[in-house]
Amino acid sequence: MGAELRTAWKSITYTMLILEPETQNPASGGEMDGGGGGGEGITHRTVAVNGINMHVAEKGEGPVVLLVHGFPELWYTWRHQIHGLAARGFRAVAPDLRGFGDTDAPPGVSSYSIFHLVGDLVALIDSLGQDQVFVVGHDWGAMVAWSLCMFRPEKVRAVVNLSVAFTPRNPARKSVEYLRSLYGDDHYVCRFQEPGAAEAEFARLGTALVLEKFYTYHSPDPLFIPKEGWGSPDTEIPLPSWLSKDDIKYYASKFEKTGFTGGLNYYRCLDLNWELTAPWTGAHIKVPAKFIVGDVDLTYHTPGIQDYIHKVGFKSYVPLLEEVVVMKGVGHFINEEKPHEITVHIYNFIKKF
């Protein structure tokens, strides 16, 4: 593992708005399209980066906007923003991260350290022939984007992150230990730690139902997956207006092929990442930044997070933070739930640079 992590490390070498729900047609601006392939004009290719083959979807000409997805997502989670940003004069580039979709999924848990994930993005940026790009992240993608800004700030022109704010490393406690102390063993992050356990439960339920459960979770409460089971495989879940059966079908087709293990390994590396990032204890993010979150997002209700975001904490660690946007009535999958609004928020920020 030591040699593997050394290789990964070498590859890396304030306004606050509360927005009411909008009635704007989300299709305006070219963001919406049918499920399946993401719509017309998106090209797909495979790029060799950091020892893996990475699938990339892209559209448009102009400054590059790198769109980084989370769990359980794919490049497809950005389908609306790809079209919207391309229509506004940008080149939108959305990879499947390692372990997801049509990108390689190395078998070892330690192959998903934050050094590997950031290393993949650095290599991708280089492969695009760019010295600097705009970066937009959601969920795990936001965590990777913050780390890219921390490790290699010269690569990032500006960052827009959704759902997950930058929080400094706490040298006194490991990540999983902290979550377990707050919520117990049934918290989803804690349940993901044992290799094979979550995979078995997801197999019992079926891929499509698991994805429906995640995507329709629209609550500020923490997510629990009880050891006795996450419900019946016969459960029928009504989908919100912003998510179609075709969307679920596309996601499911990819997760049925690759499984969930790659994505789950991100969570299994949380404590390893805590150890590896010890040299960055107290580090600041020195890149122009904007942060957007829904007020029904469970991440916005972690104990203490709202005080941290809206008082001095967040701004002190991200001194170039220019704007915090809280969207009322919006949940975790914010870029799909409010596609037009998110595209406009991204565009209005990055066009200044």
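Strand β2 (residues 43–49) and strand β3 (residues 52–59) run antiparallel and are joined by 7 bridges. Strands here are DSSP runs of E with at least two residues, helices are runs of H or I with at least four residues, and both are numbered from the N terminus; two strands pair if DSSP finds at least two bridges between them. His44 has Ala57 of β3 as its bridge partner. The hairpin of β2 and β3 has 2 residues between the strands, and Asn50 takes a positive phi near 50° there.

## Basis of the model

This is a predicted model, in which local features need pLDDT of at least 70 and side-chain atom pairs count only at pLDDT 80 or more, whereas totals for chains, interfaces and linings use all residues. Residues are numbered from 1 along each chain as its sequence is written, and side-chain values use heavy atoms, with hydrogens and water left out.

## Salt bridges

The whole structure contains 18 salt bridges, a salt bridge being a side-chain nitrogen of Lys or Arg within 4 Å of a carboxyl oxygen of Asp or Glu. One of them pairs Asp102 with Lys254, with the closest N and O atoms 3.0 Å apart. Asp102 lies in the loop between β5 (91–95) and α3 (114–127), and Lys254 lies in helix α9 (residues 245–258), so this pair ties together parts that are 152 residues apart in sequence. Asp102 is partly exposed at a relative accessible area of 28%, while Lys254 counts as buried at 16%. In these terms, buried means under 20% relative accessible area, exposed means over 50%, and partly exposed lies in between (1.4 Å probe, protein chains only).

A salt bridge also forms between Lys155 and Asp126, where the closest N and O atoms are 2.6 Å apart. The pair links distant parts of the chain, with Lys155 in the loop between α4 (140–151) and β7 (156–162) and Asp126 in helix α3, 29 residues apart. Lys155 is buried at a relative accessible area of 9%, and Asp126 is partly exposed at 42%. In the salt bridge of Arg268 and Glu199, the N to O distance is 2.9 Å. Arg268 belongs to helix α10 (residues 261–268) and Glu199 to helix α7 (residues 197–205), so the pair ties together parts that are 69 residues apart in sequence. Arg268 is buried at 10% relative accessibility, and Glu199 is buried at 17%.

## Asn273 in helix α11

Asn273 is placed in helix α11 (residues 270–276) and counts as buried at 8% relative accessibility. The side chain of Asn273 reaches the backbone nitrogen of Ile114 at 2.8 Å. This is a polar contact, defined as a pair of N or O atoms within 3.5 Å; within protein, one atom must be able to donate a hydrogen and the other to accept it, and residues adjacent in sequence count only if both atoms are side-chain atoms. When residues up to four places away in sequence are not counted, Asn273 touches Ser113, Ile114 and Trp140, contact meaning heavy atoms within 4.5 Å.

## Cysteines

The structure holds 0 disulfides, a disulfide being a pair of cysteine sulfur atoms within 2.5 Å. Cys149 is buried at 1% relative accessibility, and Cys269 is buried at 0%.
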